[in-house]
Structure formats: C-alpha cells, structure tokens
Amino acid sequence: MKNERGFTLIELLAVVVILAIIAFIAIPTILSLIWKSRIKALEDSCYGLIEAINEKYITNVLNEKDTQITNGVVTDIKVLGEKPFQGTWYLEQEDISAKYFIIIENVSFPSMRDYICTNKDTPNNRVECKKSDALELNRIEYSNEEYTHCEEVNCALNELYKKIVKES
C-alpha cells in the first residue's frame with residue numbers, strides 16, 4: 001500500500017509567505033508603471049493639442065485673415081480624443097527669425113483634472129504635467145453643447161466630468 005501524503009502546514013505557509021513577498025515587491029512597481037503611463041498619455045494629449053493649435057494658426061495665415069490669431073483658450077480648439085477644459089495658449093516668436101513656438105499654460109483634462117500641463121520655461125518646449133497644489137477656481141466648464149456630433153468617447157467623458165464637478 002502506497003503512503004500518499006499531502007503538503008504539511010509549514011510547507012503551505014512557506015509558499016504563501018513567498019507569494020506575499022513577491023506581491024509586496026511587484027505591486028508598487030506595477031502601480032508606478034501604470035501611473036507613469038497615465039502621465040505620459042496626458043503629455044501626449046498636450047502635444048496633440050499643440051499640433052491642433054499649429055494647424056489652426058497655419059490655416060489662418062494661409063487664408064490671409066486680417067487679424068492673425070496669436071493666443072487663445074484651449075477649449076476653443078477642436079481636437080481628437082479628450083478635450084481640455086481649461087488652459088490658455090499663445091505664440092512666442094524668436095527675435096530675428098520667423099520661427100515661433102506654441103506655449104500652453106495651465107491645461108487640464110477631465111480624466112486627470114488635478115494635473116496641469118505647461119511647456120512654458122521648459123527645455124526645448126517640452127510639455128510637463130504636474131499635480132496642482134490647489135484646485136483652480138476659474139476652470140472653464142467642459143461642455144459639448146457646440147459639438148452636436150461628438151464621438152461616443154467624448155460624450156462619455158463630458159458626462160463623467162459633469163458628475164465629478166457636481167461631487168466636488
């Protein structure tokens with residue numbers, strides 16, 4: 001007759017402790033990676049916004065408008081994806097050349113509303129997003145009233161933002 005034995009309680013506890021140690025080490029690392037990717041996605045959204053502003057400016061120049069738009073509010077810019085609900089932009093031109101830079105300030109998106117992004121006074125006009133110390137009181141209401149044909153994602157984000165604002 002074969003003597004079949006299972007695992008002892010000590011062996012099972014050793015395995016559980018080893019798995020707990022692995023989880024204790026891995027979970028913060030994974031959460032950190034997720035958070036860094038969210039910040040990077042926020043910065044990428046700002047670069048998309050800068051490209052949309054650049055397109056608007058170039059279109060205005062090519063259409064030879066009498067008054068060239070050199071600054072504005074980012075909520076007036078039509079972008080694909082998530083629409084910012086606060087922030088401003090302006091053109092900064094070098095002294096002697098025709099080269100210009102688009103500067104964005106205090107740009108926030110509904111998905112991470114406690115973060116503001118800017119490329120003012122950064123090396124190579126690189127966008128940086130940081131957690132805001134205090135909530136801005138002069139935030140512009142994010143609304144899709146002027147866009148009747150919003151994409152499903154934009155409409156859902158709009159509704160989510162309205163709920164967040166009502167709760168805070």
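1. Tyr-57 is buried in this predicted model, its relative accessible area being 14%. Its ring partner is Tyr-100, and the two make an edge-to-face aromatic pair, with 4.9 Å from centre to centre and 65° between the planes. Tyr-57 belongs to helix α1 (residues 9–62) and Tyr-100 to strand β3 (residues 100–108), so the pair ties together parts that lie 43 residues apart in sequence. Tyr-100 is partly exposed, at 24% relative accessible area. The structure holds two aromatic pairs, and the one between Tyr-57 and Tyr-100 is among them.

2. On the overall layout, the chain has two helices and five strands. Read from the N terminus, the order of elements is α-β-β-β-β-β-α. Of the 168 residues in the chain, 29% are buried. Among contacts with a separation of 6 or more, 43% come from residues 24 or more positions apart. The chain has an accessible surface of about 12300 Å², and carbon and sulfur atoms account for 59% of that surface.

3. Ile-53 is another residue of helix α1. Its relative accessible area is 0%, so Ile-53 is buried. What does Ile-53 touch, leaving aside residues up to four places away in sequence? The list is Ile-77, Trp-89, Ile-102 and Ile-104. The C-alpha atom of Ile-53 is 9.4 Å from that of Asn-71, a residue 18 positions away along the chain.

4. Helix α1 also contains Ile-22. Together with Val-15, Ile-18 and Leu-19, Ile-22 makes a nonpolar surface patch of about 380 Å².

5. The disulfide count is one. The bond joins Cys-117 and Cys-129, with 2.1 Å between the sulfur atoms. Cys-117 sits in strand β4 (residues 115–118) and Cys-129 in strand β5 (residues 128–131), 12 residues apart, and the pair links distant parts of the chain. The torsion about the S-S bond of Cys-117 and Cys-129 is about 110°, so this disulfide is right-handed. Both ends are buried: Cys-117 has a relative accessibility of 1%, and Cys-129 has a relative accessible area of 10%.

6. Cys-46 deserves a separate entry. Cys-46 is buried, at 0% relative accessibility.

7. A search of the whole structure gives three salt bridges. One of them is within helix α1, where Lys-40 and Asp-44 are four residues apart, about one turn of the helix. Their side chains meet at 3.7 Å, N to O. Both residues are partly exposed: Lys-40 at 43% relative accessibility and Asp-44 at 41% relative accessible area.

8. Another salt bridge is formed by the side chains of Glu-105 and Lys-120, at 3.2 Å from N to O. Glu-105 is in strand β3, whereas Lys-120 is in the loop between β4 and β5, so this pair ties together parts 15 residues apart in sequence. Lys-120 is partly exposed, with a relative accessibility of 35%.

9. Glu-128 and Lys-130 also form a salt bridge, and their closest N and O atoms are 4.0 Å apart. Lys-130 has a relative accessible area of 53% and is exposed.

Note on methods
Residues are numbered from 1 along each chain as its sequence is written. This is a predicted model: local features need pLDDT of at least 70, side-chain atom pairs count only at pLDDT 80 or more; totals for chains, interfaces and linings use all residues. Side-chain values use heavy atoms; hydrogens and water are left out. A disulfide is a pair of cysteine sulfur atoms within 2.5 Å. Buried means under 20% relative accessible area, exposed over 50%, partly exposed in between (1.4 Å probe, protein chains only). Rings of Phe, Tyr and Trp (its six-membered ring) pair if their centres lie within 6.5 Å; planes under 30 degrees apart count as stacked, over 60 as edge-to-face and the rest as tilted. Contact means heavy atoms within 4.5 Å. Accessible areas come from the Shrake-Rupley method with a 1.4 Å probe; for residues, only the protein chains shown count as cover. Patches are made of residues with over 30% relative accessible area and no salt bridge: like charges are joined within 9 Å, nonpolar side chains (Val, Leu, Ile, Met, Phe, Trp, Tyr) within 5 Å.
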